[in-house]
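The following account leads through a structure step by step, from its overall organisation to individual residues. Please keep the sequence and the coordinates at hand while reading.

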Amino acid sequence: MKLLKRSTTCGALSATDVGKTVVLNGWVHRKRDHGGISFINLRDRYGVTQVVVDADASDSLKAVAAELRHEFCIAIEGVVRARPDTMVNKDMATGTIEVVAGQLQILTRCDVLPFQIDEESDAKEETRLKYRYLDLRSGGMQKRLALRNAVAFAVREHMIGEGFFEIETPTFIKSTPEGARDYLVPSRLYPGKFYALPQSPQLYKQILMVSGFDKYFQLARCYRDEDARGDRQPEFTQIDIEMSFVERDDVLAMTERLFGHVFRKTLGVELPKTFTRLSYDEALERYGSDKPDLRFEMKMQDFGPFVAGSTFQAFKDALSEGEAERQRQAAKGVTVSGGGVKALVAPGKADYSRKQIEELEAAAKIYRAKGLAWMKVSAGVDGQPALEGGASKFFADNFAAVISGLGVKVGDLILVVADSTRRVANIALGAVRSKLGKDLGLVDPKRFELAWIVDFPMFEYNEDEQKWDTAHHMFTMPQAQFHPTLESDPGSVKGDLYDLVLNGFELASGSIRIHDPALQKRIFQIVGFNEADGEKKFGFLTESFKYGAPPHGGIAPGLDRLVMLMAGQTSIKEVIAFPKNSFAVSPMDDCPNEVDQKQLDELHLTIRYPEGHQGS
Amino acid sequence: MRAVYLSPMVLREGTRGPRGRLAALTIISTPTRPVGAPDCPNEVDQKQLDELHLSIRYPEGHQGS
């Protein structure tokens, strides 16, 4: 039988096509029979069109129609007809017409489905991933992959328009055991040697700058062999960008233009020309997070000034222990922030039950808070605001100062976390803020709040090893004003680092890089990385810097996470065609899997199964 | 250090010398550094192999890492 090849798609026909003979190819989405008439909703990736096999159709046509089941792949030839006014479906793009079938071909039949193909599948994730080819037929997955395609196109359109070159970097690279684990690829030709899959194209994009390609980008596949947890994927895609002869604000402005273009072209959303900027310290102090959700305000406040006038010993102890630790560390040349008592006001939530407050406390305790103190603001005997319940008894002497200082009013709930480490108090109360934002419905899922977090600490002190580590990576440029004091006060040094956050998610991370070998050597020395180690691991990069390296910097927004947030999803699996499950396994193709002994022999490898392992 | 490259070149028809024969072209280059052995693929730490439950069986006569 000759294939009836489509003349148009299932999403294209409208009232202007009435009377035309058309051929459609697609899948049977729905089918129903009414008094000898068959209605078939035919679906392809462009939409759904209603096909009708009328009561006066030939017996052979009716016989084929009777055979049809969901997800049969078929071809039909027919005439476009206007639907009667009472049958118009305003929810369908093609809802004003139908196609009256004259010919019908079954191209392939479909077995019993493991789940119904719908707008969104309600099957378990494991089933969806095992039958991913069916899951991808759902309306939701089709739309999200279309959005991903549109975003990728908009990125390329904008970047190439700004003069960037798209350059592919290798995916077989040298293994450098830093940060997360590398995925290793054994070499057959060189026994005992391995390639690694890149965790990012970082070193190569910096080398491209040395080579004079001053504007580079790539939709780069990256690989990290981390423990399977949450929404992590072993492979992911980032919009990798690097530029020469730039300072921080140039990279930030370029990224703002890129995101403006992508959101305008794909969602029709107009972003602000410039995004909010917060220093790392401000973000932690106000929102308790370096990736705050700015769709709602609810800023945290410093409760420290009210502690001395109270009788709350736990708060006093947190501050005095923190101060003692700060002085101890300062004597060793380590700058730390001391203790902190931080407060959050939940407006109008004085009616929160003890159980609700305990749930908030549980959120704080995940982040090492010892507890969550609370007070309710009620109307006093004179009608003026007063503190009631919880920790209020400790503030009998200075409750008026607390009320005016925090700016609270009757009906508000005050929540307080104290800790001898200010960072713990901030982050724990930040977790409470996030939970309140969700619980109180303060986060608008259709709003996009982008913000830059800048001025990150360059180093962090490793208590276990009693040494300084770089907080990001070793090629980040310390801000110029700290160059004279790098060695004498590493704890105060800020790096030329920047993160882009969107609705509480870190969307991109970047930095201005070191291009001066002498400065790079100082950083290596501060983190106890000897020259031989540096030479062995990154020698090709540091070597290249000796040949006239330009000042450069870059950024790498995560494509998966960007599309996830644009699509209003909470998992990146929803915007990746073939993701792994939460155990880093693909149930569809059973990956990872055992390989033949011959393959192992060629690679000069032996597997040493852990004790108790059942083997293959 | 000055490096000397010897490069084969086919003489064009009509130039002096026998047709189709290879001639040596000597280029005196700017100072260069010797290029080391390829660094990728490379050996990995024993810890990485242990985490992957792997042992390497070097072929007979191989010098190992």
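Domain bounds, as used here, come from an automatic or database domain assignment. For chain A, that assignment gives domain 1 (15–108) and domain 2 (296–442). The C-alpha centres of domain 1 and domain 2 of chain A lie 64 Å apart. The model is predicted: local features need pLDDT of at least 70, side-chain atom pairs count only at pLDDT 80 or more, and totals for chains, interfaces and linings use all residues. Residues are numbered from 1 along each chain as its sequence is written, while chains are lettered from A and ligands numbered from 1 in the order in which they are written.

Taken along the principal axes, the C-alpha atoms of chain A fill a box of roughly 95 × 80 × 55 Å. Helices (H or I, at least four residues) and strands (E, at least two) are DSSP runs numbered from the N terminus; chain A has 15 helices and 23 strands. A residue is buried if 20 or more other C-beta atoms lie within 10 Å of its own, exposed if 12 or fewer, and partly exposed in between, with C-beta atoms placed from the backbone. Of the 616 residues of chain A, 37% count as buried. Two residues are in contact if their C-beta atoms, placed from the backbone, lie within 7 Å. Among contacts in chain A between residues at least 6 apart in sequence, 66% join residues at least 24 apart.

Within H9(A), A:Ile357, A:Leu360, A:Ala363 and A:Ala364 are buried. Seen down the axis, the buried residues of H9(A) fall within an arc of 110°, so they line one face of the helix; the arc is that of the directions from the helix axis to the C-beta atoms. These buried residues pack against strand E14 (373–379), strand E16 (413–419) and helix H11 (422–439) of chain A. On the other side of H9(A), A:Arg354, A:Lys355, A:Glu358 and A:Ile366 are exposed. A:Arg368, with a positive phi near 75°, follows H9(A).

Two strands pair if DSSP finds at least two bridges between them. In chain A, eight strands form an open sheet of mixed pairing, in the order E6-E9-E10-E22-E21-E20-E17-E11. Strand E6 (165–166) and strand E11 (276–279) of chain A stand at the edges with a single partner strand each, so one side of each is left without a neighbour in the sheet. E6(A) runs parallel to strand E9 (residues 215–223) of chain A, joined to it by two bridges, and A:Glu166 stands opposite A:Phe217 in E9(A).

The interface comes last. Here 20 residues of chain A are in contact with 19 residues of chain B. E23(A) gives the most to the side of chain A that touches chain B, with three residues. E23(A) also pairs with strand E3 (residues 54–56) of chain B in the antiparallel sense over three bridges, and A:Ile607 stands opposite B:Leu54 in E3(B).
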